[in-house]
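Subject: Structure handover

Hello,

Here is the structure we discussed. Please open it first, then read the notes below it.

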Amino acid sequence: MSPLAICLLISCGLFGVGLAGALCRGNAILVLLGIELMLNAANLNFVAFWRFGPSPSTATGVVFVLFGIAVAAAEAAVGLALVIALYRHQRSVRLAEAVRLRG
Amino acid sequence: MIPVLAAIAVLLLGAAAVAMARRNLIHSALWLVLAWGGVAAFYLWAGAEFLAFAQVLVYVGAVSMVVLFAVLLTRPRPGAGEAPAAAGPGRAIAGLAVGALVAAVIARAVLATPFSPAAEAAPALTTRRLGVELMGAHAGALLVAGVILTVALLGAVVLAAPESGPGRDDPA
């Protein structure tokens, strides 16, 4: 098996773990962390194709991952602010109890 | 080379799985720090040192701190007692099944794809070259990323700030 395929399988496993966590857990913070894991899995794919791809001369993969990390950081900040706002309204971060749109 | 990758994979996937399975949120956050460190180790293994340091700075350093703050700020009320268990094991089983199914489909697609043989030498990408690329060909995208970060931080402050005003009192 080529190293590229092994890297892609690792990333696929990380994506599965993140997806299962985001779907199983009822806590908003853990759902957000599952989404972060899935974003990290996508970044692993970019690095794997940059390192083992057929034309490794450019920096495109690394630049793509850098922007991915920046966007994921922004997403984490906004998501956790939403979690705190949710907690202020209903004193709980359980998603099953977040059934009202009006505060 | 491959044994190192296997060790990194075990660390990465094991820490992520334990983090998603723990009941204690703080334990989850700390295990996730380990998983993100594993991702940084993968970047180092692949020869992308700059990305590894960016991953350590952004995830292991910053995002984990923000997550820990959020966990500590949103503790359940002491009077509320133990939160009721999630809606039975059905939801957990369904989530696990969906995750495993998606992972299996992707893995099958990866295994069925004939990849062209890899280049033997790692691509030589110095940090200087990366900086030139970022400020040259990708300068516009860099500016947009800066704007996105600024707007996201302003939005986070606005969202998390307490709503003051005459019409609102604390719902607690």
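In α2(A), the residues A:Ile29, A:Leu30, A:Leu33, A:Asn40, A:Leu44, A:Val47 and A:Arg51 meet B:Leu25, B:Ser28, B:Leu32, B:Val39, B:Phe42, B:Tyr43 and B:Ala46 of α2(B). Contact here requires that the C-beta atoms of two residues, placed from the backbone, lie within 7 Å. Helices (H or I, at least four residues) and strands (E, at least two) are DSSP runs, numbered from the N terminus. The residues of this contact divide into 11 nonpolar, 2 polar and 1 charged. Ala, Val, Leu, Ile, Met, Phe, Trp, Tyr, Cys and Pro count as nonpolar; Asp, Glu, Lys and Arg count as charged; the others, Gly among them, count as polar.

A word on provenance. This is a predicted model, in which local features need pLDDT of at least 70 and side-chain atom pairs count only at pLDDT 80 or more, while totals for chains, interfaces and linings use all residues. Residues are numbered from 1 along each chain as its sequence is written, and chains are lettered from A and ligands numbered from 1 in the order in which they are written.

Now the geometry. The axes of α2(A), residues 28-52, and α2(B), residues 25-46, come within 11 Å and cross at roughly 5°. Axes are lines fitted to C-alpha atoms, for helices over the stretch in contact, with angles from 0 to 180 degrees between N-to-C directions. The two helices are therefore roughly parallel (under 35 degrees; over 145 is roughly antiparallel, 65 to 115 roughly perpendicular, the rest oblique).

α2(A) also packs against α3(B): their axes come within 12 Å and cross at roughly 175°. That makes the pair roughly antiparallel. A:Ile29, A:Leu33 and A:Val47 make this contact with B:Leu51, B:Val67, B:Ala70 and B:Val71.

What does the contact between the chains take from each? It takes 71 residues from chain B and 62 residues from chain A. On the chain B side, α4(B) gives the largest share, 13 residues. That side divides into 58 nonpolar, 9 polar and 4 charged residues.

Last, chain A. Chain A has 3 helices and 0 strands. Its C-alpha trace spans about 55 × 25 × 15 Å along its principal axes.

Best wishes
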